[in-house]
Amino acid sequence: PIWTQLYTVVIAGHAQNGETKEAQELLQEMQSHGPNPSEKSYGSVIHSLAVEKRKEEAFELLNDMRCDKYGDSVKPESSCYAACMFAAMQVADWDAVLKLSEQMAADRIQHSDVTIHGALLASSRLNDQKSAMDLLQQAVEHKVRFNMGSLRHLMKLFFCDNNRPLSSFKYNSLSDVQKSLRLFAKERRTRNANDVIASHAIALSTSIHIAEAEGNRKPSMFLKIEDIQEREDTIWNDILIQCHRLAKHLIIK
């Protein structure tokens, strides 16, 4: 409805300007007198609370939505969960981030790119390989857009024990990760020429090399920005798949 959209735009404006009180009051007006708020209306207020590191209030509003406290039948979707994850990240409550991810699964809410990356970051900070593997599986199934940040966190997580060359593994750029994976594979193949993990590491390194080359491609009269973006998405999806395959074998090992 048009009035809901207009109210939501104003709420979002207050939130972006750091006017959380005003955003909350407008949401309360919608709850009491209409028009009926939308998920975005709630999400804007939750995000504003998150920016101010008011995690408990953000989580309370999310839970109120889940139990339909206000009788408007508006349930939280991925954007509200993303805002709550941000609130938890603001105070370094990584356990809370993963619990939100589990809550999404329990409520059958599909992860967005933002929530999956947030949960992967939390898994890395908590050194929780099992959670990371579950999230990777979901990311592969739903073709979540992968990025350098999540790749870096996963590499740190899965190359963190005494049997892997963490001290020599570099993460600052795609080139660093690519070279480190090749060195890792080379070291393993000195012990076993047919090592499966080494093969997966090389496959991931190759995909990363392609992504790096594609990242340097410039638009031209024959190549539109949309075409470049589509190709990059395809390449990063392949990196996600290769990363998932390598991670599975590293955990088994």
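Predicted model: local features only at pLDDT ≥ 70, side-chain atom pairs only at ≥ 80, totals over all residues.
Let's start with the overall picture. Laid out along the principal axes, the C-alpha atoms of the chain fill a box of roughly 70 × 50 × 30 Å.

Now zoom in on one pair of helices. How do α5 and α7 run relative to each other? Helix α5 covers residues 78–90 and helix α7 covers residues 113–125; their axes come within 9 Å and cross at roughly 30°. That angle falls under the 35 degrees cut-off, and α5 and α7 are therefore roughly parallel to each other. As for handedness, the crossing of α5 and α7 is left-handed.

Which residues make the contact? On the α5 side you'll find Ser78, Tyr81, Ala82, Met85 and Met89, while α7 brings in Val114, Thr115, Gly118, Ala119 and Leu121. Sort the residues of this α5–α7 contact by class and you get seven nonpolar, three polar and no charged ones.

Finally, a word on the aromatic rings. Searching the whole structure turns up two aromatic pairs. There is also a charge over a ring to look at: Lys55 lies over the face of Phe59, and the distance to the ring centre is 5.3 Å.

Conventions
Residues numbered from 1 in each chain as written. Heavy atoms only, no water. Axes fitted to C-alpha atoms, helices over the stretch in contact; angles between N-to-C directions. Helix = DSSP H or I, 4+ residues; strand = E, 2+ residues; numbered from the N terminus. Parallel < 35°, antiparallel > 145°, perpendicular 65-115°, else oblique. Left-handed = near helix turned anticlockwise from the far one by under 90°. Contact = heavy atoms within 4.5 Å. Nonpolar A, V, L, I, M, F, W, Y, C, P; charged D, E, K, R; others polar. Phe/Tyr/Trp six-rings, centres within 6.5 Å; stacked < 30°, edge-to-face > 60°. Lys NZ or Arg CZ within 6 Å of the ring centre and 35° of its normal.
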